[in-house]
Amino acid sequence: MGKWICKICGYIYDEAKEGRPFASLPDTWVCPLCGASKASFAPQGAAEAQPKPAPAPIHQGMERLSAGALAALCSNLARGCEKQYKDQEAALFREIAGFFAAAAPQVENGDLDRLAAMVQEDLDAGYPALRASAQGEGDRGALRICTWGEKVTGILSTLLKRYQQEGESLLENTQVWVCTVCGFIYIGDQAPALCPVCKVPAWKFEEIEGRG
C-alpha cells in the first residue's frame, strides 16, 4: 500500500489508512481538500525523483505580448505588490492593467476547448521553462511565483475539464471563490479555512458574483 500526493495542495491519500487502492477510485473522484482531479495526484516521492530540466537560454521563446496578456501580467503584479503592502505600486499596476484591458480586442474562437488547451500548454511547457530559467539564475522569488502559479493553473485545468464533462451542474447550488492573494479557485458553499496554495485565511477569498 502506498501514498499519493496532490500536486496542487499537497494532500496525501494514504492507501493503508483509507483501506482502498488509489487506482480503484473512480475517475470522478476529487481531492477532498482543494477539489483537484484524480489525475492531479502522483505517487509520493515521484516528483522529487524526476530529473530537473536544463535552464533555457534567456532569450529563447521571447515574443511580443498582446494587450490582454499585458493586462493579466500587470494585474498579477498589482496583487504581488498588495501582498508586500506596497499600495502605491499596486494602484499604478492596476491602472496600467485597466488601460491594457480596455485596449484588448475581442477574443475570437474563445471556446472552452481552446482555453483548456492553452492552460495545458502552460502546464506542459510554460512553467517547466520558467522554473528551469529561475533555477539557472538562482532566483528564489521567481521560483516561488512559479510554484504558486503552476498550482493555480493546475486547479484551473481541473475545473475546466470538470465543466466540460458536467456543464452547469458543476456550479448548481454552490459558490465560486477566488483567493485574492494567489488566484486559487475553489468551488463550495464556503471558502476554505486556508488557501490550499498560499495558506492565507478564508477572509482573503472573494465570492464571484454574476455567474448567471
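Two strands count as paired if DSSP finds at least two bridges between them. Strands here are DSSP runs of E, at least two residues, numbered from the N terminus.

Quick word on the source. This is a predicted model: local features need pLDDT of at least 70, side-chain atom pairs count only at pLDDT 80 or more, and totals for chains, interfaces and linings use all residues. Residues are numbered from 1 along each chain as its sequence is written, and side-chain values use heavy atoms, with hydrogens and water left out.

Now the sheet with β4. Three strands form an open, antiparallel sheet, in the order β5-β4-β6. β5 (185–188) and β6 (205–207) each have a single partner strand, so one side of each lacks a neighbour in the sheet. Neighbouring strands are turned by 30° on average, direction ignored; the axes are lines fitted to C-alpha atoms.

Take β4, residues 175–179. It has 3 bridges to β6. There, Val 178 stands opposite Glu 206. Towards β5, β4 has 4 bridges, and Trp 177 has Tyr 186 as its bridge partner. The β4–β5 hairpin has 5 residues between the strands, and Gly 183 takes a positive phi near 90°.

Which residues of β5 are buried? Tyr 186 and Gly 188, on one face. Buried means under 20% relative accessible area, with a 1.4 Å probe and protein chains only. In a regular strand, side chains alternate between the two sheet faces.

Next, the sheet with β1. Its order is β2-β1-β3, again open and antiparallel, with 3 strands. β1 (residues 3–6) has 3 bridges to β2. Lys 3 pairs with Asp 14 there.

Technical notes
Axes fitted to C-alpha atoms, helices over the stretch in contact; angles between N-to-C directions. Buried < 20%, exposed > 50% of the residue type's maximum accessible area, 1.4 Å probe, protein only.
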